[in-house]
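Please keep the sequence and the model side by side while reading this note. The points below are meant to be followed one residue at a time.

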Amino acid sequence: MLKTIEIKPGVQLHFSPDKKFKTTIICVLFRRPLCREEVTLNALLPGVLKSGSNKYGTLKEINGYMDRLYGGIFDVQIIKKGEEQLLQFYIEVLNSAFDEGLLEKALEFLAEIIYQPKVWEKGFYRDITEREKENLRLFIESRINSKSEYLKLKCLETMCGGDAFGIYGDGYSEDIDNITEETLYQHYRKVISTSPLEIVVMGDEEKNRVLTGIKRIFEPYLPKEMMEIKPSRPYEKKKDRDMPLEKEEKLGLSQAKICMGFGSGIGATGKEFFGYLLFSQILGGGANSRLFANVREKESLCYNISSFIYRFKGILMIECGVDIKQMDKTLDLIREEIGQLKDGDFSDEETESARESLIKVFQGFQDHPAAIMDFYLSQYLLQDQSGLDEFINGIAKAEKKDIVEAAGKLYEDTVYILQ
Amino acid sequence: MEEKVLYHQALRETIATKKLPSGIKCYIMPKKDYVEKMALLAVNYGSEDVSFLVGGGQVDTPPGVAHFLEHKLFEDLEGDLFQAFTKAGGDVNAFTNYNTTAYHFTCIDNFEENLKLLLRLVMKPYFTDENVEKEKGIIGQEIQMYRDYPSWRMFFNMQSRLYQRLYINRDITGSAEDIQRIDKDILYTCYNAFYRPENMALICIGDIVPEQVYEICEGLVDGPADKNMGRHLNLAEPKEVGEPFVSEDMPVSRTLFQLGFKDNDLTEDRLAAMVGTKVLLDYVVGESSDLYECLYQKGLIDGSFSAEYVCGPSYGTSIFGGYCEDPKEFNDALLLEIEKITAAGMDMGRLDQMIKKHRGSFIRSFNTIETTANLQADLFNKNLELFDLMDCFDRLEPDMLTQRMKKHFNSAASVLSVIRPS
């Protein structure tokens, strides 16, 4: 499991010497608060930085180097977590047991990509910047192509409009034109010199070797002082508008895709949160859930229906796809199920079954490097000290009254429908 | 059959295989340090088997039966098996593709109990007129959901033009009209023809004792009394494609394409062809290739681009795809590059680099038990085993690959499928 070691204030190593995986993952994350002014600048950095560095001048050279590291995986991307926008540099290579020295090569490579970009006079290369601006613009426009993702995004945007969490982590096309290779480079300097930094290393490696490698390779670049980032807060109810807010968008689809967003004000840790998790699991967490059993199996109204929680914001979402004529009937059924759970009208059997399913999911994280990393990173960002075992224990101990209490705080905020 | 236990030095994995007296073939990979355990039961019967042979005659069914069966087997006399799994702590699911129907679960505790449930699910069908009718509503919405996926629609548009006779030219689910024609009797006919131990593989991965699996399996798996097993129909697929181009308008932001090449060179050494073609695709247009770099810089392709080779016992297809404003320009650039490479011969250094990459990726794939199980399920209907794949890299020769490139990438055997913004 991941242990956090401070390299210097604001720079942490999160390390897990897991022996069972074939690969070692190294991840360097720069943390930025989500804000409208810089979101698109941050979103443009991955494309530009992975196009080449001083030593690996082109995409072809970078990818060729990855081939030679036995098909190493390298990527730079933006991750949105709560009210933070993380700039992530990721590399995965076979661990040192397969080939001695891959760990150091991977660390050196990441440092090179992060700190030695190709620079021309006072900015990045113009042709690269322009191409990546175009790629980002097309990417942003392509959100609509994945209907399910688009639906969730639109529902969240409608719901959280003015909040930081309502900001798209991938940026806005209207910002792109004004960005130049020089303004982007200035922003890049700011990011690497002021952002708190998390370094994650997971794999069958020795701790001292990892620490020595990081100190040798990264220390020269680390900034003296870093900005502070406030932890995310739960979504707050909008007092000045209708509840629920209903929106429809017509795209000429074969079925109606419904997304319902609920607020709760419930925080991401503690008893109430575990009650909330169980509530969502009973409601729409799997094949045994209320929604699946009644809306799908009993009424044959849909194929996919589920509920899930955005932990950082205490938001619950329900998503399903139904025949357009059956929309109202489906919404009624969903609301009816929620009403019953709010009244405490659910069996101990349902609670236990939901609990077991959830525990299994979190225990299973141990077999999936990406899941372990994501879990511990979330814990760290939420300033929650508990590890995976304690978290699972929280689920194990939650009682029916915690579930009912959490359910009592739930309110329907937004319904977004694509047709 | 005797149990065969193999240890692979480079992979550091062990696999035990054994064919049980009932005829089912077990593949067991013990992974002691994993908390999850997985079992996958693969039936060598998929959406391609629309028509098949039983005894002396041919049976013709509506498309979509294999997938319909997959849905219906979750129900038995006592109700919904989903819930029984959940009670036992098992996370169960299933999928159908062209050649395989697979049922699988993962669990942490109660592996034996879950395995028994899985075998009951597959071995004890319970179809009634009523429960078959009810499923049509659910599958109907599943079909509608997929219809709204641009990449899914593009893929099936391509398949239906690439293949003139093989039933891989239809949706796996069948169409909304096809499923209306499915009834209880059709389901039983197909079930009895293919759901037989000698037509199944059981793949188990995790901290599992092989003997236990054999024992449970032998107690619960038996074949129907009727000796007539279904046989796959060998349809002769013409070398030519039906139509070289297909385009559809959908609510998307920009043009998407897939370019497919039908494999008319289904040689004896299918494994080398399969692994070799994947290496070839990477050699020609992978992210470290000249062509990729040139097209990326031009803005013709972007990070969404991919190239893959998919195959089954009766077919193989190389597919290139992604966002692209001018797919025809991509097509021309690709064919020109292939011509160039075949004329000049392959660069040994680059080929070695590609083989190294694929070897490493293959080793990495053993990180995830689900990936490993799915891969073995896919190899089962080709009569291949996991470790064969690793050893196959040594057999890849530049001459063989160059020959393959010449034969396979033939524009007369290709279809371009495009989705344009409506």
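1. In this predicted model, the side chains of R395(B) and D269(B) meet in a salt bridge, with a distance of 3.0 Å from N to O. R395(B) lies in the loop between α14 (386-392) and α15 (398-408) of chain B, and D269(B) lies in the loop between β14 (256-262) and α9 (270-285) of chain B, so the pair ties together parts that are 126 residues apart in sequence. R395(B) is partly exposed, with a relative accessible area of 39%, and D269(B) is likewise partly exposed, with a relative accessible area of 32%.

2. Chain B also holds a network of salt bridges, in which D263(B), D265(B), R404(B) and K407(B) are linked. Over all chains, the count of salt bridges comes to 63.

3. Two salt bridges of chain A can be read with the surroundings of their residues in mind. E297(A) and R296(A) meet through their side chains in a salt bridge of 2.8 Å, N to O, and both E297(A) and R296(A) are buried. D402(A) forms a salt bridge with K401(A), where the closest N and O atoms are 3.9 Å apart. Is D402(A) buried or exposed? D402(A) counts as buried because its relative accessibility is 5%, and buried means under 20%. K401(A), at 47% relative accessibility, counts as partly exposed.

4. Which residues form the negative surface patch? The patch is formed by E246(A), D328(A), D332(A) and E336(A), and its largest share, three residues, comes from helix α11 (residues 327-342) of chain A. E336(A) has its place in helix α11 of chain A, and with a relative accessibility of 45% E336(A) counts as partly exposed.

5. Helix α5 (residues 147-160) of chain A has 14 residues, and the distance from its first C-alpha to its last is 20 Å, close to the 20 Å expected at 1.5 Å a residue. How many of the residues of α5(A) are buried? Ten of the 14 are, so this helix is largely enclosed by the rest of the structure. The buried residues of α5(A) include K147(A), K152(A) and K154(A), and also among them are Y150(A), L151(A), L156(A) and M159(A).

6. Eight of the eight residues of helix α1 (residues 65-72) of chain B are buried, so α1(B) is largely enclosed by the rest of the structure. The buried residues of α1(B) are V65(B), A66(B), H67(B), F68(B), L69(B), E70(B), H71(B) and K72(B).

7. The backbone deserves a separate look. A cis peptide bond joins M243(A) and P244(A), with omega at about -10°, and P244(A) lies in the loop between α8 (207-218) and β9 (245-249) of chain A.

8. Q383(A) has a positive phi of about 55° although it is not a glycine, and its place is in the loop between α13 (369-381) and α14 (388-397) of chain A. Q383(A) is exposed, because its relative accessible area is 53% and the cut-off for exposed is over 50%. In chain B, N110(B) also has a positive phi of about 55° although it is not a glycine. N110(B) is found in the loop between β10 (101-107) and α3 (111-123) of chain B, and with a relative accessible area of 40% N110(B) is partly exposed.

9. Y56(A) is found in the loop between α1 (39-49) and α2 (59-68) of chain A and is buried, with a relative accessible area of 9%. The C-alpha atoms of Y56(A) and A43(A), which are 13 residues apart along the chain, are separated by 22 Å. In chain B, D347(B) has its place in the loop between α11 (327-344) and α12 (348-364), and at 43% relative accessibility D347(B) counts as partly exposed. The C-alpha atoms of D347(B) and D332(B), which are 15 residues apart along the chain, are separated by 22 Å.

Key
Residues are numbered from 1 along each chain as its sequence is written. Chains are lettered from A and ligands numbered from 1 in the order in which they are written. This is a predicted model: local features need pLDDT of at least 70, side-chain atom pairs count only at pLDDT 80 or more; totals for chains, interfaces and linings use all residues. Side-chain values use heavy atoms; hydrogens and water are left out. A salt bridge is a side-chain nitrogen of Lys or Arg within 4 Å of a carboxyl oxygen of Asp or Glu. Buried means under 20% relative accessible area, exposed over 50%, partly exposed in between (1.4 Å probe, protein chains only). Helices (H or I, at least four residues) and strands (E, at least two) are DSSP runs, numbered from the N terminus. Patches are made of residues with over 30% relative accessible area and no salt bridge: like charges are joined within 9 Å, nonpolar side chains (Val, Leu, Ile, Met, Phe, Trp, Tyr) within 5 Å. Accessible areas come from the Shrake-Rupley method with a 1.4 Å probe; for residues, only the protein chains shown count as cover. Lys and Arg count as positive and Asp and Glu as negative; His and the chain ends are not counted. The place of a charge is taken as NZ of Lys, CZ of Arg, CG of Asp or CD of Glu. The expected span of a helix is 1.5 Å times one less than its number of residues.
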